[in-house]
Structures are given as C-alpha cells and as structure tokens.
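My notes follow in the order I checked things.

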Amino acid sequence: MKVCFIPIDNRPVCYNLVKDICDIDEDIELYIPPREFLGSLTKYADTEALFDWLKNNSEADCMVLSLDTLAYGGLIPSRRITDSYEQIKQRLYILKPLLENKKVYAFSSIMRISNNNINEEEKEYWKDWGKEIFRYSYESEKSGKNVSTIVPQKILQDYIDTRKRNFDINKLYLEWQKEGLFETLIFSKDDCAEYGFNVTEARQLEILGGKTKTGADEIPLMLLSRAINKDISIFPVYAEEECKELISNYEDVSVEKSVLGQLELGGFSVAKSEDSADIILFVNNFKEKQGELVMGWETEPYNKKFIPYKKPYAVADVRYANGADNNLAEELLSNELPSFGYSAWNTTANTLGSLLASIKIKYKAKKYNDNAYKKLQLIRYLDDWAYQANVRNMIEKPCDIKNLMQPYEDILCRKLKYNPKNISYSHIWNRKFEVEISVE
C-alpha cells in the first residue's frame, strides 16, 4: 500500500511519528515530503515546493493531507498569516487538480481559542489580550449575544476577520466534498471549551454537512488508520468506569465520547464484551478532573494493582494531559508490557489517535517488523513517561538531557529486549514542550 502523507508541521509527533508507525508493516510505502518543506514554530511551509512534490508523487494509493499546511503553511500559520481569503483560495485552486481521481483523506482545523496570554503560537497581540478574547468568545456564545469587552476594537476586529476567513475556507472545502473530491473530510476542534466561537463554527459546519472531531495533531494518524482496510473490534475498559463522562482538559466532549469518536474515525468497530473483542483498550481516565503536568494541576493518580489482560491489549494513559501517570507506568513496567502498545501523549485525543493508528497497522501486518514496533514503544515511553512526566520538570530550558534520560533508557531497553546503538535528544522548536528522540 502506497500512502502520500502531508503532515501539519515538522514536529516529531507530526513528522517522525507517522514514519515510525508505518515502519511496523513493511508492506506500507510512505511518501512524505522532505522535512525542510514543512513549517515550524517560526517558519511557514513552502507551499509551492509541496505542490511540486505532490505532482511528483501521484502514484500513491491514497493521500492523507493536512489542508492547513497547503492553504496557510501550517496549523500555527493558519492563525497568524495575513493573506486574504482570495489569495488563499487561488492557492487552493492550484491544489485541487492534484487531488482529483485520488482517494483523499483530509482535515482542516477550526481556529482554536487559547485561554492564556501566551502568543508563542498566536498573533502578537495574544500576549496582552488572549485571556480576554477567550472570555469574550466564551461569554458571547454562552449568552447568545455580544458581551462587553476591554479588547481594543482594532484588535478584536482583526481577530474576528481572521476567524471569518478561515471559516469561509472551510466552507469552500465543503463545496469540494459535495463534488466528491474527498473520501473523508474532517474539521478538527483544537483546544476546545464548552462554549466559544469555535464551538459555534463547528456546529454550523455540521449543519452544512461537515464532520467535526475534537483534536488536531493526531487526526492525520486517524485518517491514515481509516485508509487501511482492516476489521478490528475494540472493547474499551476504563480505570474509573464511573468517571468516563467527565470532560478532559482542552476538549469539549467526555472521555468516553472521545474514545468512541476516535474509534469511529479510525475505522474500528466497538465490541460488546471483552471476550468478543480482538483487542482491549485500557483507558486510564481520571477522577473529578484531569491532571495537567505542564500547569501543575494535580489529580488522584492510578492507585490499583494493574492485572494484565490475557488477550491482546493496549493502554491509553489520559489521567494527565501532557504526560504519563507515573503510578500506572510503574505498574505496567512491573508486568509484561501491553502487547499492542502504550501512549500518554498530550491531550486525550492525541493519546488515543496515535495509539489506535499503531494498533491498526500492527494488527495482522502483512510484513511485520518487530524491531520497528519496539522502537516506537521505546520512543513513546521515553517521551510520554520519562521526559514529559519526569525529566521535563528537572530542567529550566532546553538543554542536554542525555544523563537525565539514561536511567529510563536502561529500564526500557531491558524491558523491551531492544538495544539500539544510540539514543539522542533535541528540542527542535527550542522549547521544553516537545522533545525529539532519535533512535539508531
């Protein structure tokens, strides 16, 4: 199977992760553009180079596309770029002929509204007005009318105009969908709250025939999963069964709805019982409120003895956002590791999507590569558990973390029975939020 894949940007979880997952089955040929074509925290993607690259890789069986990359230069540029609707539309009409008569699985984001005054991924004015714009959006949509705000009118109008432009581009994609251009088209809801302009836009897109999904970075992986035709039944089991209706941080649906939504998007069926399932999905959900390791929000950790399942299973650790539950990780490491993988990457949707994509490719792989699977698991445990839940809090800024990571490497390589020549670390966006783990 030949897959043409356009990532969101050049982050490890967007660029390297899909390659590591596809390597599990050597029958999959992944066509992915050179990393330098893609955007970063401060650089927009080279859309002309990407269009040329697409022309030269037209033999793929299917395409999995981040439309934000091709329209705006990336997910972050979609919030920052000053191009007009007409300029972006003209760019997309160069793209359209490249997609015709192909199986295209695509997604476009609904512009997020972050509840903070951090402008690292937003326009410059977010550092002063981010929280107030979030409040204005939340309260306006909750009350059904415009509320008063202290945001300067010029800034507020720029923000509203940017939202309208992106919303109109999403409506253009809906027109293409009606023409039959997409096998699947998803509009992603990133960093959602219960109310807001983005929630209203999602509802309007659904009325127009669009399909929305909470999440963002994992959606290309779920579209890849959907493109792979395998019948797999999953039975979700929740660590806190009575709390599965609670809503995770940065999301607008319950943990259970997030699980079921990801399963549906990824092309899985939901089994009625453990006995009838091909694979059990153990979800380490939270009580009361999801913890958040970055923000220091505490929650009650996993406090039971984990008993491994007798049939194939995987573990989605969503008790905390942005990292693993140390208690559960230690329980897992005291047993045989889950046969179909582990993930605790960032949001609940991120964790689920990346894990389910690896399940889809590993299950009955035509040319299974066990070393590639062990490499993927090593990286996930090193990133989600060792770094995000532990080492990240030991450093003040990006630096050489090899010595801090070494004890975790020793434990995991021994447990996985996997001994790479070298493991190295870098912070390609020069921030602590993500680490790139290279395994030779």
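Is α13 mostly covered or mostly open? I am working from a predicted model. In it, 15 of the 18 residues of α13 are buried, so I noted the helix as mostly covered, taking under 20% relative accessible area as buried. The helix runs over residues 370–387 and spans 24 Å from first C-alpha to last, close to the expected 26 Å. I looked at its N-terminal end and found asparagine 369 as the cap, with a side-chain oxygen 3.1 Å from the backbone nitrogen of asparagine 371.

Next I went to helix α7, residues 153–178, and picked threonine 162. Threonine 162 is buried at 6% relative accessibility. Leaving out residues up to four places away in sequence, I listed its contacts as Ser78, Arg79, Met111 and Lys123.

I then turned to the salt bridges, of which the structure holds 34. Arginine 163 pairs with glutamate 201 at 2.9 Å, N to O. This pair joins α7 to helix α8 across 38 residues of chain, and both partners are buried. Lysine 164 and aspartate 168 also pair, at 2.8 Å. They sit 4 residues apart in α7, which means about one helical turn between them. Glutamate 409 and lysine 402 form another bridge at 2.9 Å; glutamate 409 is buried at 4%, while lysine 402 is partly exposed at 23%. I also logged a salt-bridge network that includes Arg79, Glu121 and Arg431.

Last, I checked cysteines. I found 0 disulfides in the whole structure. Cysteine 243 is buried at 12%, and cysteine 399 is partly exposed at 39%.

Terms used
Residues are numbered from 1 along each chain as its sequence is written. This is a predicted model: local features need pLDDT of at least 70, side-chain atom pairs count only at pLDDT 80 or more; totals for chains, interfaces and linings use all residues. Side-chain values use heavy atoms; hydrogens and water are left out. Helices (H or I, at least four residues) and strands (E, at least two) are DSSP runs, numbered from the N terminus. Buried means under 20% relative accessible area, exposed over 50%, partly exposed in between (1.4 Å probe, protein chains only). Contact means heavy atoms within 4.5 Å. The expected span of a helix is 1.5 Å times one less than its number of residues. A polar contact is a pair of N or O atoms within 3.5 Å; within protein, one must be able to donate a hydrogen and the other to accept it, and residues adjacent in sequence count only if both atoms are side-chain atoms. A disulfide is a pair of cysteine sulfur atoms within 2.5 Å. A salt bridge is a side-chain nitrogen of Lys or Arg within 4 Å of a carboxyl oxygen of Asp or Glu.
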